[in-house]
Amino acid sequence: MVKERARILVVGGGYVGMYTALRLQRKLKAELRRGEIGVTVVTPDPYMTYQPFLPEAAAGSISPRHVVVPLRRVLDQCHVVVGEAKAVDHAARTVTVTTLATADAGRTELFRYDELVLAPGSVARTLPIPGLAEHGIGFKTVEEAIALRNHVIEQMDIASSTRDPAIRDAALTFVFVGGGYAGVEALAELEDMARYAARYYHNVRAEDMRWILVEASDRILPEVGADLGRYTVTQLRRRNIQVLLGTRLESCADRVAVLSDGQRFPTRTVVWTAGVRPHPLLAATDLPLTHHGKLRCTARLTVDGTEHAWGAGDAAAVPDVTAAGPGTLTAPNAQHAVRQARVLGDNLVHTLRGEPLETYAHANAGSVASLGLHQGVAQVYGRRLKGYPAWFMHRVYHLSRVPTVNRKARVLAEWVLSGLFKREIVSLGSLEHPRAEFELAARGKHPHDPKGSS
């Protein structure tokens, strides 16, 4: 039995936040029903994004709404608050939150708790590169993925409708910075999509487009091993994709990408996928952090030296007890985040019931990456796969991991339909500015006046 009524506050609605709350919901079903425990989830978005499917959503293989899981449907026994946590005062057991209701008024709300799960995740790690803030495109949310798809198709429309060779070349040059999963998969899927779309343009060919991958280190996809990394480079180059290793982006001001090796590319597309950093919220807490700004945690997923505080996922530095050497941390990926959330939820229940805690231990099962339709690389339990088998393994693995039977069925159905019918090549860029048409009409202009390109 639970010793006393507890208020559990989960900050973050990503992998750790959703799966921890889901675990608590299942383990404490009776206590929640009796009102002995309350679970509140504070999240900026009312859904959890399954990020491994973002490249396929950008390529049009999966509908955007099937990449996300609505939290209120899944966490029906929890209180979901759409808002952004601004600060944590653990000594006073309070979290300062800006909700949708208070944001316009410039006010905040205080949420009190007995147990805190801090899992805000990570944000894109950017550098002070000239022009990056003005022209760069991220690839971490479903909104960014769909905006990038619309942007790529729009550039093909621009190239098709101009006779100016400078505008055409810039529109058909796509630069991706970062050779990790996000960068490689996004580039490969979008290049595959654009090459298919080119057949429907009378004056744009696949050979006219220039795709460039810029990576500062000497290898890409380090998670799948050196051999498969080199194989990936070879496969991308066979598709006329330039892979520039040991190269950095130094500027993208004035729509010109300037690289550290002296190359310059006029381009209207710079996609930034060069890593992530801990969420800024962690700096606004009184909890112990590492020198990298992550939450210092134990192998039991408690915050080191602190009671009633828990952490996991990208924002937490969790010791890897399966590693040979001391000081090794678990990798910040979905594989660990989902499993850590389950142990965290169980340990929270153990704490409430006065039971001993479990230690998180999970050896890396491997990595999979898609390189476009029917192409991929994978390293699973020491076995290396390439081409179609790796691509098939990528789909099977992520289909098994995407939350809820509802989403599994919808994603599988879309894959089957995409194999039977042609790709969709429609750009809905106007969705990003839905009031533009009405504003033109309200200002007395003809509704068919050109609105300009993004």
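## Arginine 23 and its partner

Arginine 23 is partly exposed, with a relative accessible area of 25%, where the scale calls a residue buried under 20% relative accessible area, exposed over 50% and partly exposed in between, computed with a 1.4 Å probe on protein chains only. Its side chain meets that of aspartate 346 in a salt bridge, with an N to O distance of 2.9 Å; a salt bridge here is a side-chain nitrogen of Lys or Arg within 4 Å of a carboxyl oxygen of Asp or Glu. The pair links distant parts of the chain, since arginine 23 belongs to helix 1 (residues 15-27) and aspartate 346 to helix 11, 323 residues apart. Helices (H or I, at least four residues) and strands (E, at least two) are DSSP runs, numbered from the N terminus. Aspartate 346, at 8% relative accessibility, counts as buried.

## Basis of the values

This is a predicted model, in which local features need pLDDT of at least 70 and side-chain atom pairs count only at pLDDT 80 or more, while totals for chains, interfaces and linings use all residues. Residues are numbered from 1 along each chain as its sequence is written, and side-chain values use heavy atoms, with hydrogens and water left out.

## Other salt bridges

By the same rule the count comes to 13 salt bridges. One of them joins the side chains of arginine 168 and aspartate 208, at 3.0 Å from N to O. Arginine 168 lies in helix 8 (residues 165-171) and aspartate 208 in the loop between helix 9 (181-197) and strand 12 (210-215), so the pair ties together parts that are 40 residues apart in sequence. Arginine 168 is buried, with a relative accessible area of 18%, whereas aspartate 208 is partly exposed at 26%.

Aspartate 227 forms a salt bridge with arginine 384, and the closest N and O atoms are 2.5 Å apart. This pair also links distant parts of the chain, with aspartate 227 in helix 10 (residues 226-238) and arginine 384 in strand 24 (residues 383-386), 157 residues apart. Aspartate 227 is partly exposed, its relative accessible area being 39%.

## The cavity

A cavity is a set of points on a 1 Å grid over the protein atoms alone where a 1.4 Å probe fits but cannot get out, and lining residues have an atom within 4 Å of a point. Grid points are joined across faces, edges and corners, and a volume is the space filled by probe spheres set on the points. The count comes to one cavity of 30 Å³ or more, and about 50 Å³ of space lies in the largest cavity.

The residues that line the largest cavity include Lys294, Asp314, Thr330, Pro332, Asn333 and His336. By class, this lining has four nonpolar, five polar and two charged residues, where Ala, Val, Leu, Ile, Met, Phe, Trp, Tyr, Cys and Pro count as nonpolar, Asp, Glu, Lys and Arg as charged, and the others, Gly among them, as polar. Helix 11 (residues 334-352) gives the most to the lining, with three residues.

## Positive phi values

Most residues other than glycine have a negative phi. Histidine 374, in the loop between strand 22 (366-370) and strand 23 (376-380), has a positive phi near 65°, and this residue is partly exposed at 41% relative accessible area. Threonine 404 has a positive phi near 70° and lies in the loop between helix 12 (387-401) and helix 13 (405-420); threonine 404 is partly exposed, with a relative accessible area of 30%.

Methods
On a 1 Å grid over the protein atoms alone, a cavity is a set of points where a 1.4 Å probe fits but cannot get out, and a pocket is an open set with protein on both sides within 12 Å along at least five of seven lines; lining residues have an atom within 4 Å of a point.
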